[in-house]
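Good morning, colleagues. Please turn to the model on the screen, and I shall take you through a few of its helices.

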Amino acid sequence: MNPIVNYFNGNFALTISLYCFLLIGVVCVTTLLSKLCVILKEKAHLSDGVVAGLLLGVITSLPELVTCIASVVSSRSGEMGFGDIVGSNIFDLFVLAVCLLVCVWMFIKKKANQINAMTLICTGVGTIFVLLATVATQFIPSLVWHGFNFFSIPILASYGMSIYFMTRNARVKTNSNEGTTEIRQAKQSKLFKLSLAWIITLISVVSIVLITIAVFLTFTSESLILHHWSGVFGSEGKETFGGALLLGVITSLPEIVCCVNLCVHKEYNMVIDTMVGSTSFNLAILTIANLAFVGVYKPENQMYPWNQHTLTQIIVCLVTIVLLCLYLFANSKKIKDKLNDKQSLAINSSLLSLVVITFIIFLILGFVK
């Protein structure tokens, strides 16, 4: 066992205190990152898709990247890391639905960007490949070589397609967003006076800080899941759910902070860009973690575990993606122009409420012994 995790196992008070402190750190660091990325967007004249979907999506997913790889290497098993990634995707999409539902009146006259829908579809395709990877683990061992599941390749390819859609029309006109509240506030910030090179440097430094926080979050979470709260998460197949509920939710905090901040500034497409971009990158993390798993491979463990909680997570994730795709379709220009405000409100509220209900059902099923 990792000596750091072993130390935390014998100090519950220290573990839970550090865990709470790290959560506060994630919120503070991510708030600064979101401000820096908004300033970068204005200074470099980049599109929402590049800044929110690609840059913020990747940066806010750094905790998932580190925790997934660290948990795989530490435990020599893919269950907790897998639960972290898929659980984080479920929670990200749930938070997106809640934010859109709470702000449904604010966004009622907005139209969804087609790029968001295409990126979400790519994420859905990647999730289907994740399901096929778990099936291969159980029924097609020839597709798994020394711990490497060959379905990791199309999973990574699905993220490549997401990048293609997010980077289309990467640059925007200088004055395209001059009037938004977010840009006006960014220009009033002292950080805006810094050069573009300094902004990029600060983003890199703060990202490293976020990675460091994520490493210790992994150790404390692993100790809580496998030792202190083993009665809840330690039974067979429950590590996956533990990773989803504890690691997945906590490592999604950066996305939550960004999403709430963008909602406050009525940045409709950037809200969706950030969350969908993050979920898409999370799938790529599974492929990276699978490569790391090869180095610590144990025949009795797999990167894509096959159990009740694994299947439940994947199904919930797919259902959530389908509902949000329908939401984006209902808010596309083609459909939006045919509906009045009341009809649009009813459809939007219904679809987003179904996402929330799906998440509640997921929690209930997760705690079933």
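This is a predicted model: local features need pLDDT of at least 70, side-chain atom pairs count only at pLDDT 80 or more; totals for chains, interfaces and linings use all residues.

In which sense, left-handed or right-handed, does α12 pass α13? The crossing of α12 over α13 is left-handed; a crossing has that name if the near helix is turned anticlockwise from the far one by less than a right angle, and is right-handed if clockwise.

Residues are numbered from 1 along each chain as its sequence is written, and side-chain values use heavy atoms, with hydrogens and water left out.

Let me begin with the whole protein. Its secondary structure comprises 16 helices and 2 strands. Helices (H or I, at least four residues) and strands (E, at least two) are DSSP runs, numbered from the N terminus. Of the 369 residues, 56% count as buried, where buried means under 20% relative accessible area, exposed means over 50%, and partly exposed lies in between, with a 1.4 Å probe and protein chains only. Contact, in what follows, means heavy atoms within 4.5 Å. Among contacts with a separation of 6 or more, 84% join residues 24 or more positions apart.

I return to α13, which covers residues 268-295, and to its partner α12, residues 253-264. These two helices pack at an angle of about 165 degrees, and their axes are 8 Å apart. Axes here are lines fitted to C-alpha atoms, for helices over the stretch in contact, and angles run from 0 to 180 degrees between N-to-C directions. The pair is therefore roughly antiparallel; that term applies over 145 degrees, whereas under 35 counts as roughly parallel, 65 to 115 as roughly perpendicular and the rest as oblique. On the α12 side, E255, I256, C258, C259, L262 and C263 meet M270, V271, T274, M275 and S278 of α13. By class, this contact has 8 nonpolar, 2 polar and 1 charged residues. Ala, Val, Leu, Ile, Met, Phe, Trp, Tyr, Cys and Pro count as nonpolar, Asp, Glu, Lys and Arg as charged, and the others, Gly among them, as polar.

The next partner of α13 is α7, residues 152-166. Here the angle is about 150 degrees and the axes lie 9 Å apart, and α7 and α13 are therefore roughly antiparallel. The crossing of α7 past α13 is left-handed. S152, I155, L156, S158, Y159, S162 and M166 of α7 meet G277, S280, F281, L283, A284, T287 and N290 of α13. That contact divides into 7 nonpolar, 7 polar and no charged residues.

How do the axes of α3 and α13 cross? The axes of α3, residues 48-59, and α13 come within 7 Å and cross at roughly 45 degrees, and the two helices are therefore oblique to each other. This crossing is right-handed. From α3 the contact takes D48, G49, V51, A52, G53, L56, G57 and V58, and from α13 it takes M270, D273, T274, G277, S278 and F281. Its residues divide into 6 nonpolar, 6 polar and 2 charged. Helix α3 is mostly covered, with 9 of its 12 residues buried; D48, G49 and V50 are among them.

Leaving aside residues up to four places away in sequence, T279 touches N89, D92, L93 and T123. A292, also placed in α13, counts as partly exposed at 24% relative accessibility. With the same exclusion of residues up to four places away, A292 touches I69 and V73. The C-alpha atoms of A292 and V73 are separated by 7.0 Å, although these residues are 219 apart along the chain.

Helix α5, residues 79-102, has 21 of its 24 residues buried.

Finally, consider the loop between β1 (144-145) and β2 (148-149), where H146 lies. Most residues other than glycine have a negative phi. The phi of H146, however, is positive, near 50 degrees. H146 is partly exposed, with a relative accessible area of 41%.
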